[in-house]
Amino acid sequence: MEKKVVKLDFDEVVIANEDGSTTRALYEWFNFKPEIGDVVDVFPDGDELIIHKVETKQENLQDKININIVNENNNANTQTVGGYVQAGRVVNKWIYFLLAFFLGGIGAHKFYSGFGGKGIMYLVFCWTGIPSIIAFCTCIATLLKTADQNGNIVVTS
């Protein structure tokens, strides 16, 4: 005879019987924490009830199966920030900032982030001072980026 927990009140639990009737039981009569939908066996014991949870086959399987999923993405070109995947190069925020601030005029931060072509362009035009101005703007933009738990940011170019 199948009985199910159908309602959890403040001081008692309502159990539905197959015949449509209900049984009210105090929380102290349970040998487990009752939840709605639990299938139970109810045994009268004087003025009290002894209530045991009936384990279904599905619960038995869940107890025995342990699956650990590790999703390691070793691709250095993406990073998840705030639930969004960003494409680009993952670099340490503070190293990138320091390179852009002190050696940005010659493109050191571009070489560090893997954009060698742009780093060469910074070297070629460093005598004009324009790469230094761009690097300074990059410093400010780098400070405004939120780093992940490892202190990394995504650099797109």
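How many helices and strands are there in the chain, and which residues of helix 2 are buried, and what covers them?

A: The model is a predicted one. The chain has 5 helices and 9 strands, and along the sequence they follow the pattern β-β-β-β-β-α-β-β-β-α-α-α-α-β. Of the 157 residues in the chain, 29% are buried.

Helix 2 spans residues 93-103. Its buried residues are Lys93, Tyr96, Phe97 and Ala100. They lie on the same side of helix 2, because they cover an arc of only 100° around the axis. An α-helix has 3.6 residues a turn, so residues three or four places apart point the same way.

Next comes the cover. The elements over the buried residues of helix 2 include strand 8 (89-92), helix 3 (108-112), helix 5 and strand 9 (152-155).

Two packed helices are described by the angle between their axes and the distance between the axes. The axes of helix 2 and helix 5 (residues 130-144) come within 8 Å and cross at roughly 160°. Angles over 145 degrees count as roughly antiparallel, so helix 2 is roughly antiparallel to helix 5. The crossing of helix 2 past helix 5 is left-handed.

On the helix 2 side, the contact is made by Lys93, Trp94, Tyr96, Phe97, Ala100 and Phe101. Helix 5 meets them with Ala135, Phe136, Thr138, Cys139, Thr142 and Leu143. Sorted by class, this contact has 9 nonpolar, 2 polar and 1 charged residues.

Notes
Residues numbered from 1 in each chain as written. Predicted model: local features only at pLDDT ≥ 70, side-chain atom pairs only at ≥ 80, totals over all residues. Heavy atoms only, no water. Axes fitted to C-alpha atoms, helices over the stretch in contact; angles between N-to-C directions. Helix = DSSP H or I, 4+ residues; strand = E, 2+ residues; numbered from the N terminus. Parallel < 35°, antiparallel > 145°, perpendicular 65-115°, else oblique. Left-handed = near helix turned anticlockwise from the far one by under 90°. Contact = heavy atoms within 4.5 Å. Nonpolar A, V, L, I, M, F, W, Y, C, P; charged D, E, K, R; others polar. Buried < 20%, exposed > 50% of the residue type's maximum accessible area, 1.4 Å probe, protein only. Arc of directions from axis to C-beta.
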